[in-house]
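Please read them beside the structure itself.

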Amino acid sequence: MDSWGFSIAKTRTIDIDSVDFKVLARLTDKVPSAKRCIMCGACAATCSAANFVDFSFRKTHLLFHRGQFSNISEELDKCMLCGKCKLVCLRGVNTRAIIYNLRIILNDMNYKRIAL
Amino acid sequence: MKKKNVIVIGGGPAGIEIAQILSNYSCNVTLFEKEPQVGGQIKRIDKLFPDFIVQDEMMQKLISNLEKTDIQIHTDTEIKDIEQIDNIWHLKTNKEEAFTADAVVLATGFKTFDPKYKEELGYGIYPGVITTLEFEDMLKAGKIQTSAGEEPRRIAFLNCVGSRDEKVGNHYCSRVCCINAVKQSIETKELLPNAEVFCFYMDLRMSGQFYEELYRKSQEKHGVNYIRGRISEASSTFDHRIQIKSEDTLAGLPLKMTVDLLVLMIGVEASEGTTNLSAKAGILGEYGFAKSLSLHLKDNLTKKEGLFLAGACKRPSTLREVIADARAAAFEVVNYLKMEING
């Protein structure tokens with residue numbers, strides 16, 4: 001097939017109508033404090049890993065809440081589970097448990113994950 | 001000593017409370033209300049934030065206090081003209097009656113923003129787009145439904161409709177809508193536990209006592225979703241639902257969804273009575289509200305002697321603030337007229 005040098009870009013829009021909120025419920029059943037997150041970004045600001053790699057727990061968590069799962073596994077690989085984010089969270093969100101459970105949930109959904 | 005005459009304009013919570021207090025002093029109090037009944041705009045509200053007190057019961061207490069007094073209440077009467085001549089206030093009603101008073105209290109309150117000015121939000125075009133007051137009517141009736149009479153699966157609340165909006169000339173924050181959206185989203189989840197609720201906001205201003213706690217509860221207990229971003233437009237789908245577009249500013253991505261009801265948290269503006277009488281009395285402030293003498297220490301006084309302000313005619317206020325303000329204004333009137341408490 002001829003290559004024309006361009007392709008159709010996938011839409012960037014979050015379409016809430018196509019989101020399966022049962023996946024989010026799996027997380028919030030395990031980690032109810034995830035519902036309290038107000039996306040302030042304290043976790044991302046204090047993150048040890050973010051000093052060295054491009055990683056934002058705040059954004060990853062938000063995208064999961066909006067049902068956008070496509071890059072989350074790769075993002076989570078950057079986390080060292082040090083738990084510093086949990087110490088600073090103003091809303092008492094168990095961020096470490098969120099990462100741990102996200103890996104399990106995404107694995108069950110056949111998204112890429114690293115070995116635990 | 002001759003009894004003083006005090007006129008209170010406006011029979012909402014502020015007017016009722018100040019009239020009732022002043023009736024305990026050596027003066028004749030006259031209360032004017034343009035509607036057939038006293039009570040004001042709060043009457044349309046089902047339950048009050050942040051404690052979910054039933055509004056009707058609370059207001060009945062205020063109104064029954066008023067009924068125990070000998071205050072003259074003129075309902076269906078609007079004050080059209082106000083003028084001060086030699087320290088006496090002269091007022092004219094819509095029925096061309098004239099009244100005089102030694103002191104006048106302006107308690108003419110607010111009105112809500114007409115969302116038809118924000119045409120892109122589809123109010124008055126699509127039946128699925130309603131105002132927070134219309135939603136409150138449903139809560140009062142105990143049944144949330146779409147215009148087709150169906151149970152909504154998804155409801156979105158949009159904050160700052162007519163507030164913080166240069167395009168409609170209102171730069172200010174209406175103060176009550178954020179917490180009202182939180183309140184209504186909790187009530188929605190209580191009536192319809194399976195419905196999905198989304199709140200769109202620019203900033204969430206949980207400035208009052210227990211507001212932040214209520215916001216937290218709405219997330220934790222009721223699973224209300226908050227999206228920072230403004231809905232840019234609403235349109236109809238083929239099955240008469242409402243499609244909304246926004247930016248999820250925290251994700252940095254555009255976002256769209258279909259909802260059954262879009263509730264517009266319309267802002268607070270000065271009522272026509274507030275603007276008209278403030279202008280005639282020469283105390284017109286910004287955005288059509290009445291201007292007090294000084295924000296901190298003389299907030300119930302005006303630059304006109306004998307003209308006092310109480311409640312939401314000055315700025316958007318919560319019910320708690322309005323009642324406290326009415327009591328403060330009563331103190332100023334008593335001081336000004338040097339009145340004695342009735343024995």
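1. H3(B) passes H4(B) in a left-handed crossing, a crossing being called left-handed if the near helix is turned anticlockwise from the far one by less than a right angle, and right-handed if clockwise. Helix H3 covers residues 132–141 of chain B and helix H4 covers residues 177–191 of chain B, and the two pack at an angle of about 35 degrees with their axes 11 Å apart. Axes here are lines fitted to C-alpha atoms, for helices over the stretch in contact, and angles run from 0 to 180 degrees between N-to-C directions. Helices (H or I, at least four residues) and strands (E, at least two) are DSSP runs, numbered from the N terminus.

2. On the side of H3(B), the residues B:Thr132, B:Phe135 and B:Leu139 meet B:Asn180, B:Gln184 and B:Glu187 of H4(B), where a contact requires that the C-beta atoms of two residues, placed from the backbone, lie within 7 Å. The residues of this contact of H3(B) with H4(B) divide into two nonpolar, three polar and one charged, with Ala, Val, Leu, Ile, Met, Phe, Trp, Tyr, Cys and Pro counted as nonpolar, Asp, Glu, Lys and Arg as charged, and the others, Gly among them, as polar.

3. On provenance, this is a predicted model, in which local features need pLDDT of at least 70 and side-chain atom pairs count only at pLDDT 80 or more, while totals for chains, interfaces and linings use all residues. Residues are numbered from 1 along each chain as its sequence is written, and chains are lettered from A and ligands numbered from 1 in the order in which they are written. The model scores ipTM 0.89 and pTM 0.94; the mean pLDDT of chain B is 96, with 99% of its residues at 70 or more, pLDDT being the predictor's confidence in each residue, from 0 to 100.

4. Helix H6 of chain B (residues 272–281) has among its buried residues B:Gly273, B:Thr275, B:Leu277 and B:Ala281, a residue being buried if 20 or more other C-beta atoms lie within 10 Å of its own, exposed if 12 or fewer, and partly exposed in between. The cover over the buried residues of H6(B) includes strands S1 (4–9), S6 (79–85), S9 (103–106), S19 (268–270) and S20 (307–309) of chain B. Just after H6(B), B:Gly282 takes a positive phi of about 80 degrees.

5. In chain B, three strands form an open sheet in the order S6-S7-S8, with antiparallel pairing, and its edge strands are S6 and S8 (98–101), each of which pairs on one side only. S6(B) is joined to S7 (residues 88–93) of chain B by six bridges, and B:Glu83 stands opposite B:His90 in S7(B); strands are said to pair if DSSP finds at least two bridges between them.

6. Chain A contains six helices and one strand, and its elements run β-α-α-α-α-α-α from the N terminus on. Of its 116 residues, 26% are buried.

7. At the interface, 13 residues of chain B are in contact with 13 residues of chain A. The largest share of the side of chain B that touches chain A, six residues, comes from S17(B). Strand S1 (residues 14–15) of chain A pairs with S17(B) in the parallel sense over two bridges, and A:Ile14 stands opposite B:Leu255 in S17(B).
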